[in-house]
Amino acid sequence: MTGHRGHRAAYIAFDRFPSAKGSAVHIRHMAAELFERYRGGLLCVLGGPDLPAYQREGDVEIVRFTEVVPNLLDRAQAFSAWVAEQLAPYHDTLELCHVRDPWSALPALGTGARLVYEANGLPSIELPYAWPHVAPTTLDKVRELEGHCLTAAGAVVVPSYVIKEAVTARGVEPDRVVLIPNGADPVPADLPRPAAAPGRYLIYVGAVQPWQGVDVLLRAFARLADLPDLTLVICSSVAPSRTRRLRGLAERLDLRTHWEHMLPHDEVAAWLTHAELSVAPLTATPRNLEQGCSPIKVWESMAAGTAVVASDLPVIREVLGDCGRLVPPDRPAELARAIRVLLEYPDLGRELGERSRGRVRGWQHARDQLSGVYDRVTAH
Amino acid sequence: MTPCAVTTGFFTLGKCGQMAVAGCPGCGRALCADHIAEGGLCPECAASRNQFGHPASAAAYRRRRYRHSSSSAYQDTLWYTSFDAFDRAAFDPHAGADQDYLDDGDDALVDS
Ligand SMILES: [Zn+2]
Ligand SMILES: [Zn+2]
């Protein structure tokens, strides 16, 4: 943009940044590693309310895509074209581009720089959940585009084994796919209790798409109505307009719930720390089973030393190991029973929490692994 | 003292807040000495003028350029031509899943 100095690195994501979502935490740490290595660089992300279209922070320039394009595919296309323009002044200096999606990968490939593709999800799997009318033939095209970008990358970074398999199924040689689990930085033990926190509470942290299973959790909580003074706290990473339906369900079920929306990330840790249990009720959809995910809320609950009750899915087993309580997905009665047992035996919960705290690695560990990937990709 | 109104920060954003010494002639916001860019503008206004001449023309410029740049901006733009009107219709705003459940808009493509 100002172009007085050639950027050597770019991090590009079709994500709003910063935001209250787990993806933003991930971008924060990965981009920090990239920009530290190259003493600055260019960050191309989506804009939003209160986010400036342009920022300069030391040697890092941040540019945000602000054009309003209603159709999602048109928007992705306009984003790619916009990114190509942002990168154009740096073709001679760019050494490494780090992307999270095909819409960012396409213009990055046009620069001739090395490409690291961080695959946290795959649009060909994810899209039908938000866009139910997408035709299989359309998804085939998306899948082909994904395959093109993934195979063109010098390395593909994935947060779980499940998605590693999905990536290799798209033609990427297994030795170019590197597993870097998410991290969570240790939470100080003496974080004060949030002022708005109810006495005893269970907590859910995250977004509210159907595959997150929040409705399953609400139905499970309805079966715990006999437990006195127990509240369910939902820390939604998305706006209140998106949780209206779930809040309606909670009301109909006559549940004691407390809702927080889009809390700044540094306030979530205190809510997690003081909870009796943290619940990750992911459903058994292909989205979770085939694509996988690495739910940052689970990592962060573990870092806070709070016991996790979660759906028994491969992606969750990978993260929790034997440090949490696993229950069959989509079964409110089973989830309620597991929660009840842990509440009745608080020593068990404390012990799980302590063990899971020890299992989590800080973000620095993930950054060190990423640094190794950069070494490899730029070495030849 | 008037505080500088430029947004700063990487993950946690806030206002700069240093003592303002001028106002941006483009958008009027208060600027500290560190945040006065070329032409006395705020960084945001300066960036958009450098690139597009005038901020209002930015979007039009981008669209125009996109149509004429199928090969010059980047080769791989051809990939998008494989998506026809039928493919695209499924991504119109009204075709989305229940709005109450949709993720927050723009980044609903991938959410880890
Ligand atoms: Zn201005
Ligand atoms: Zn300032």
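## Buried or exposed

A residue counts as buried when its relative accessible area is under 20%, as exposed when that area is over 50%, and as partly exposed in between. B:Cys42 has 0% relative accessibility, so B:Cys42 is buried. B:Cys27, on the other hand, comes out at 39% and is therefore partly exposed. Keep in mind that we're looking at a predicted model here.

## The zinc site in chain B

Both of those cysteines hold on to the zinc ion (ligand 1): its protein donors are the SG atoms of B:Cys24, B:Cys27, B:Cys42 and B:Cys45, lying 2.3 Å from the ion. Along the chain, these donors are spaced as C-x2-C-x14-C-x2-C. B:Cys27 sits in the loop between strand E3 (20-23) and strand E4 (30-32) of chain B, while B:Cys42 sits in the loop between E4 and helix H1 (43-52) of chain B, so this pair ties together parts that are 15 residues apart in sequence.

What about the geometry of the zinc ion (ligand 1) site? The angles among the four donor atoms run from 101 to 113°, and the site is tetrahedral. For reference, the ideal angle for four tetrahedral donors is 109.5 degrees.

## The eight-stranded sheet in chain A

Over in chain A there's an open sheet of eight strands with mixed pairing, in the order E3-E4-E2-E1-E5-E6-E7-E8. Its edges are strand E3 (54-57) and strand E8 (177-179), each pairing on one side only. On average, neighbouring strands are turned by 20° against each other, ignoring direction.

At the E8 end, strand E7 (residues 155-158) pairs with E8(A) in the parallel sense over three bridges. One residue pair to look up is A:Val158 with its bridge partner in E8(A), A:Leu179. Helix H15 (residues 363-379) of chain A lies across strand E5 (96-99), strand E6 (114-118), E7 and E8, running at about 145° to E6(A).

Strand E12 (residues 277-280) and strand E13 (residues 308-311) of chain A run parallel, joined by three bridges; A:Val279 has A:Val309 as its partner in E13(A). E13(A) is also joined by three bridges to strand E14 (residues 325-327), again in parallel, and here A:Ser311 partners A:Val327. To get from E13(A) to E14(A), the chain passes through helix H12 (residues 314-320), making a right-handed β-α-β crossover.

## A proline in a loop

A:Pro264 lies in the loop between strand E11 (257-261) and helix H9 (265-273) of chain A. Its relative accessibility is 39%, so A:Pro264 counts as partly exposed. A:Lys21 is 243 residues away from A:Pro264 in sequence, yet their C-alpha atoms are 9.5 Å apart in space.

Notes. Residues are numbered from 1 along each chain as its sequence is written. Chains are lettered from A and ligands numbered from 1 in the order in which they are written. This is a predicted model: local features need pLDDT of at least 70, side-chain atom pairs count only at pLDDT 80 or more; totals for chains, interfaces and linings use all residues. Side-chain values use heavy atoms; hydrogens and water are left out. Two strands pair if DSSP finds at least two bridges between them. Helices (H or I, at least four residues) and strands (E, at least two) are DSSP runs, numbered from the N terminus. Axes are lines fitted to C-alpha atoms, for helices over the stretch in contact, and angles run from 0 to 180 degrees between N-to-C directions. Contact means heavy atoms within 4.5 Å. Buried means under 20% relative accessible area, exposed over 50%, partly exposed in between (1.4 Å probe, protein chains only). Donors are N, O and S atoms within 2.8 Å of the metal (3.2 Å for Na, K and Ca); water is not among the atoms, so sites may look incomplete. Four donors count as tetrahedral if all angles lie between 85 and 135 degrees; four count as square planar and six as octahedral if opposite donors are over 155 degrees apart and all others between 65 and 115; anything else is irregular. A crossover is right-handed if, with the strands pointing away from the viewer, the path from the first strand over the helix to the second runs clockwise.
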